[in-house]
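My entries follow in the order in which I checked them.

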Amino acid sequence: MTSLSSNHLLGIRDLTPEDIHLIFETADNFKSIINRPIKKVPSLRDITIANLFFENSTRTRVSFELAEKRLSADVVNFSSSSSSVSKGETLIDTVKNILSMKVDMIVMRHPAPGACTFLSRHIDAQIVNAGDGTHEHPTQALLDAYSMREKFGDLTNKKIVIVGDILHSRVALSNIYCLKKLGAHVKVCGPPTLIPKHIGALGVEVEYDLNRALEWCDVANMLRIQLERQEIKYFPSLREYSMQYGLTLDRLENLNKEIVIMHPGPINRGVEITSDVADSEHSIILNQVENGVAIRMAVLYLLAAQGDSNA
Ligand code: CP
C-alpha cells in the first residue's frame, strides 16, 4: 500500500490499520532524515499550509510548523485571538478567505468537537485535525503508538493503560482507536466520574484501582486533568486525585517489573505524575515529542500525495 485511504486526517476512527502502518513506515524515513545535519527535503515545495489554532498549543503547533518547514512547505500561522474571529467572523468565512490566498492545506485545532469534520464538508482543501475539543487528536495518537512501536516493535497483545481524565480527553479517544486497530489490549483507569459510561463499547476495559492497572500493563499513558473543560467538580480536590491516581516512584518501585511511562503533555507535575517519574529512565515523554515531527511530516507528505492524485 502506497497511499492513504482518506483525503483528510480528521480522526483515527477513519483510518485503516494499513493507513497507520504506512504512516509509521513513512515516519521511519523522515525520522532518519531529520537526524541528519541537513534536515530539510523538498517534498512539499510549492505547497502552502495554514496552521489555524483556535485553542492554545505548544507541542502540536511547533511540531506541525517544524514538520512543514522540514518538508519545504510555505507556512502561515493563524491564531484566533489576534484575528477577525474576535469581530464575529464565522469559521467557514475565515477559512474560505485564507484559502482564497492560494493556501493548499489546513491544519486546525479548535475547541469544538467535530469542527474539522464540519469544515471538510464546506471547503475543498485537505484538513488535518490538530485536536478538536474533547473529540480526537489523531497525530498525538499516531506519535504515541509510534513511540511504543519503537520500544516494543509490534504492538499486538501489548497492554496499555490510559490513566486520568478519560471523559474530557481527545488523546484518550484517539489512542483507543489507534491501539485497538494495532491489536493492543487497552484499559482505562481513573475516578468513576471521569470514565465515560459506555466506554466498553470501544473494546476497552475499565480499572478503577491504579496499582492493579500498573500491575497489568506494559505501558502507562498518564493524562492531565483538564480543569479548563470541567464545569463541575468531578473529585474533591487535586490533592485527593493525586493520592489515588498520581503516578509516583513508590508505586513504580512496588511493581515487580519495568513499565514504560508516557504523557502527551502538558504535564501537571505533582498531580497526575511526580517529577521523579516524569524525568526518570522509565519515561519516554520527550521521545514522544521528538517523534511528533516525523509523524506529522509523514501525514502531511502522504496527504499531499493524495491531493496530487485527486487533481
Ligand atoms: N499534546 C498536546 O496536544 O500538547 P499541546 O496542547 O501543547 O499542543
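Entry 1, terms and ground rules. I call a residue buried under 20% relative accessible area, exposed over 50% and partly exposed in between, using a 1.4 Å probe and protein chains only. This is a predicted model, in which local features need pLDDT of at least 70 and side-chain atom pairs count only at pLDDT 80 or more, while totals for chains, interfaces and linings use all residues. Residues are numbered from 1 along each chain as its sequence is written, and side-chain values use heavy atoms, with hydrogens and water left out. Helices (H or I, at least four residues) and strands (E, at least two) are DSSP runs, numbered from the N terminus.

I found Ser 147 in helix H5, which covers residues 138–152. Is Ser 147 buried or exposed? Ser 147 counts as buried, because its relative accessibility is 2%. A polar atom of the Ser 147 side chain lies 2.7 Å from the backbone oxygen of Leu 143. I then listed contacts (heavy atoms within 4.5 Å). Leaving out residues up to four places away in sequence, Ser 147 touches Met 262, Ile 284, Asn 287, Gln 288 and Asn 291.

Side chains of opposite charge can pair when their charged atoms come close. I count a salt bridge when a side-chain nitrogen of Lys or Arg is within 4 Å of a carboxyl oxygen of Asp or Glu. My search of the whole structure gave 7 salt bridges. I looked at some of them in turn.

In one of them, Arg 149 pairs with Asp 28 at 2.9 Å, N to O. This pair links distant parts of the chain, with Arg 149 in helix H5 and Asp 28 in helix H1 (residues 17–34), 121 residues apart. Arg 149 is partly exposed at 23% relative accessibility, and Asp 28 is partly exposed at 31%.

Another salt bridge joins the side chains of Lys 31 and Glu 290, at 4.0 Å from N to O. Lys 31 is in helix H1 and Glu 290 is in helix H11 (residues 285–310), so this bridge ties together parts 259 residues apart in sequence. I noted Lys 31 as buried, with 16% relative accessible area, and Glu 290 as partly exposed, with 37%.

I also checked Asp 279 and Arg 269, whose side chains form a salt bridge at 2.9 Å, N to O. Asp 279 sits in the loop between helix H10 (275–278) and H11, and Arg 269 in the loop between strand E9 (260–262) and H10; the two are 10 residues apart. Asp 279 counts as exposed because its relative accessibility is 53%, while Arg 269 is partly exposed at 46%.

Most residues other than glycine have a negative phi, and most peptide bonds are trans. I noted a cis peptide bond between Gly 265 and Pro 266, with omega about -10°. Pro 266 is in the loop between E9 and H10.

Asp 46 has a positive phi, near 75°. I placed Asp 46 in the loop between H1 and strand E1 (48–53), and Asp 46 counts as exposed at 68% relative accessibility. Ser 72 also has a positive phi, near 70°. Ser 72 lies in the loop between helix H2 (59–70) and strand E2 (74–79).

How values were computed
Polar contact = N/O pair within 3.5 Å; in protein donor to acceptor, adjacent residues only side chain to side chain.
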